[in-house]
Amino acid sequence: MIFETGDQAHVTPTAHPYGLRVTGEVDHGNQQRLAGALHGMILEGGDDIRLDLGELAFIDVSGLRVIVAAAARLSPPRRLILDPISPAVRRLLALTGWDRAPGLLIG
């Protein structure tokens, strides 16, 4: 199953590791699909959630906010693990200070 977020982003569930692969571009216009997919993962599983952002070409602050908010909703010891992650996304997280957000682990 692929959740399509407009013409710019694809959010695909992965089984091993448990999580989502996000490709393309996530922005204000399509970030709700990523939010919905993450919400479903949070509700259905007891494991950490791995978010593969290695092929993500672009993400704006609204997309990052979705990721940080999802991580904050996880009950410890569950975490949202960003791995792989592009250097651009890593830098944006560091610039906003969200690289230290509760429940978030950057691989």
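**Figure 1. Overall fold of the predicted model.** Read from one end of the sequence to the other, the protein follows the pattern β-β-β-α-β-β-α-β-α-β, with three helices and seven strands; helices (H or I, at least four residues) and strands (E, at least two) are DSSP runs numbered from the N terminus. The radius of gyration is 12 Å, close to the 13 Å that the globule rule gives for 107 residues, so the protein is as compact as a globular protein of that length; this radius is taken over C-alpha atoms, and the rule is 2.2 Å times the number of residues to the power 0.38. Along the principal axes, the C-alpha atoms fill a box of roughly 35 × 35 × 20 Å. This is a predicted model, in which local features need pLDDT of at least 70 and side-chain atom pairs count only at pLDDT 80 or more, while totals for chains, interfaces and linings use all residues. Residues are numbered from 1 along each chain as its sequence is written, and side-chain values use heavy atoms, with hydrogens and water left out.

**Figure 2. Confidence along the chain.** The mean pLDDT of the protein is 92, and 93% of its residues reach 70 or more, where pLDDT is the predictor's confidence in each residue, from 0 to 100. Confidence is lowest in strand S1 (residues 3–5), at a mean of 48, and highest in S4, at 98.

**Figure 3. The largest nonpolar core.** A nonpolar core is a set of buried Ala, Val, Leu, Ile, Met, Phe, Trp, Tyr and Cys residues joined through side-chain atoms within 4.5 Å, and buried means under 20% relative accessible area, with exposed over 50% and partly exposed in between (1.4 Å probe, protein chains only). Of the 30 residues in the largest core, Leu 34, Leu 51, Ile 67, Leu 80 and Leu 82 touch the most other members. At least two residues of this core come from each of strand S2 (9–14), strand S3 (19–26), helix H1 (31–44), strand S4 (49–53), strand S5 (56–59), H2, strand S6 (80–85) and H3, and H2 gives the most, with six residues. Leu 82, not counting residues up to four places away in sequence, touches Leu 51, Leu 53, Ile 67, Leu 93, Leu 104, Leu 105, Ile 106 and Gly 107, a contact being heavy atoms within 4.5 Å. In soluble globular proteins, nonpolar side chains tend to be buried together. Across the protein, buried residues make up 42% of the 107 residues, and residues 24 or more positions apart account for 63% of the contacts with a separation of 6 or more.

Figure 4. Helix H2 (residues 61–73) has 13 residues and reaches 18 Å from its first C-alpha to its last, close to the 18 Å expected at 1.5 Å a residue, the expected span being 1.5 Å times one less than the number of residues. Its buried residues are Ser 62, Gly 63, Leu 64, Val 66, Ile 67, Val 68, Ala 70 and Ala 71. Gln 31, which lies in helix H1, counts as buried at 10% relative accessibility. Leaving aside neighbours within four places in sequence, Gln 31 is in contact with Val 26, Ser 62, Gly 63 and Val 66.

**Figure 5. The S2–S3 hairpin.** Strands S2 and S3 run antiparallel and are joined by six bridges, where two strands pair if DSSP finds at least two bridges between them. The hairpin that joins S2 to S3 passes through four residues, and Pro 13 stands opposite Leu 20 in S3. Thr 12, in strand S2, is partly exposed, with a relative accessible area of 22%.

Figure 6. Most residues other than glycine have a negative phi, and most peptide bonds are trans. Pro 87, in helix H3 (residues 87–96), is exposed, with a relative accessible area of 65%; its C-alpha atom and that of Gly 54, 33 residues apart along the chain, are separated by 9.0 Å.
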